[in-house]
Amino acid sequence: MARESYVGRFAPSPTGPLHFGSLVTALASYLDARHNQGVWLLRIEDLDPPRESRRASKEIITQLHSFGLCWDQEVIYQSSRIDSYHDHLKYLSEKGATYPCTCSRKKTPPIYPGLCRHNTFDSVFNPYSIRLHVDELQIEFRDLFYGIKSYDSRTEIGDFIIRRKDGLIAYQLAVIADDAFQGITHIIRGSDLLDSTAKQILLAKQLSLVIPSYGHIPVVVNNQGKKLSKQTHASPIDNSSPLTMLRLALKALGQDPQILAKNTKKLLTNAVNNWERSLVPMKNYIY
Ligand SMILES: [Zn+2]
């Protein structure tokens, strides 16, 4: 795909309908893209079939339409891109950047210390996951909201899984492959994914992919301080009052809530024109 000067995206997992937190993320990436005369794409991250459903994908699409958040080009589904992920995986393995790990998930610390680095693919017979051998000591990027973020690879990242033991491609690899495939230049998403960004940059470097600009916004939490998600039983957003919900989302993003706008089109036009990254509050928003 041709490289545009700004290509943004919203990439929900279809684990259920969008909740307020995902609306805020969608809106932030939409406003940032449109304010910069950018293209805005939609990708459905249905990588994990047992958890996810076609129905949820359709619901998400209906919700975005009812909020006036219209994307460019056709929707990309990760479930249709599996071969491409395996090509990337093969490339990484052939260049010696990966190794098979037979450790049990339960006994493995979250920052994996590389216990199986000595394994080779023809020496392993048990089911294994595939990890990226992380050589770099430090990974650093300039976040559009948080500024410089820096990670110590050994204590904060570790050798992470890029293909799971059950054969499923891990999120990190699929995402960086898709971002490159779609020519994404700017990624605006929740700050819960900051660590993922470090991993995705490491993968992009190994795959010689162009590294996009990243901007992370604070996440929306419930009154117990937990991020809104299906796991924390966040309720779906109310499609019947898009203006009210969009105003609440603008407020969460520190932007003018556009109370005079009479319809979603007008509200979004104004919000795009007035979008300012510097107004986004740098603390989690309680909803
Ligand atoms: Zn291992």
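# Group meeting talk: a walk through a predicted model

Let me start with a sheet. Three strands make up an open sheet, ordered S1-S2-S3, and the pairing is parallel. At its edges sit strand S1 (7-10) and strand S3 (76-77), each of which pairs on one side only. For those new to this, strands of a sheet pair through backbone hydrogen bonds, and the pairing is either parallel or antiparallel. Strand S2, residues 39-44, pairs with S3 in the parallel sense over two bridges. To see one such partner, find Ile-44: its bridge partner in S3 is Tyr-77.

Before going further, please keep in mind that this is a predicted model.

Now the whole protein. It has eight helices and 12 strands. The radius of gyration is 20 Å, close to the 19 Å that the globule rule gives for 287 residues, so the protein is as compact as a globular protein of that length. The C-alpha trace spans about 65 × 40 × 35 Å along its principal axes. Of the 287 residues, 41% are buried. What about contacts between residues with a separation of 6 or more? Residues 24 or more positions apart account for 77% of these.

Next, the inside. The largest nonpolar core has 71 residues, and those touching the most other members are Leu-23, Val-24, Leu-27, Leu-173 and Ala-249. Which helix gives the most to this core? That is H1, with nine residues. Take Leu-27 from that list. Leaving out residues up to four places away in sequence, Leu-27 touches Leu-69, Leu-246, Ala-249 and Leu-253.

Two of those names bring us to helix H7. H7 covers residues 242-252, and its residues Pro-242, Met-245, Leu-246, Ala-249, Leu-250 and Ala-252 are buried. Why do they lie on the same side of H7? Because they cover an arc of only 155° around the axis. What covers these buried residues? The cover includes helix H1 (20-35), helix H2 (54-66), strand S11 (220-221), helix H8 (264-274) and strand S12 (285-286). Just after H7 comes Gly-254, with a positive phi of about 75°.

That raises the matter of phi. Most residues other than glycine have a negative phi. Gln-37 is not a glycine, yet its phi is positive, near 55°. Gln-37 is in the loop between H1 and S2. Is Gln-37 buried or exposed? It is exposed, because 10 other C-beta atoms lie within 10 Å, and 12 or fewer counts as exposed. The other is Gln-258, also not a glycine, with a positive phi of about 55°. Gln-258 is placed in the loop between H7 and H8. With 18 C-beta neighbours inside 10 Å, Gln-258 counts as partly exposed.

Ala-180 is buried, as 20 other C-beta atoms are within 10 Å; the cut-off for buried is 20 or more. Which residues does Ala-180 touch, not counting those up to four places away in sequence? They are Leu-209 and Val-210. Ala-180 and Val-210 are 30 residues apart in sequence, and 6.9 Å apart in space from C-alpha to C-alpha.

The other alanine is Ala-198, found in helix H6, residues 194-206. Ala-198 counts as buried, with 25 C-beta neighbours inside 10 Å. Setting aside residues up to four places away in sequence, Ala-198 touches Ile-139, Tyr-151 and Ile-157. Ala-198 and Lys-149 are 49 residues apart along the chain, with their C-alpha atoms separated by 8.8 Å.

My last stop is a residue that carries an annotation. In UniProt, an unreviewed entry has the annotation "binding site" covering Lys-230. Where is Lys-230 found? Lys-230 is in the loop between S11 and H7. It counts as partly exposed, with 14 C-beta neighbours inside 10 Å. Apart from its neighbours within four places in sequence, Lys-230 is in contact with Thr-15 and Gly-16.

That is where I will stop.

Key: Residues numbered from 1 in each chain as written. Predicted model: local features only at pLDDT ≥ 70, side-chain atom pairs only at ≥ 80, totals over all residues. Helix = DSSP H or I, 4+ residues; strand = E, 2+ residues; numbered from the N terminus. Arc of directions from axis to C-beta. Contact = placed C-beta atoms within 7 Å. UniProt positions renumbered as here; feature names shortened; annotations may be inferred. Pairing = 2+ DSSP bridges. Rg over C-alpha atoms; globule rule 2.2 N^0.38 Å. Core = buried A, V, L, I, M, F, W, Y, C linked by C-beta atoms within 7 Å.
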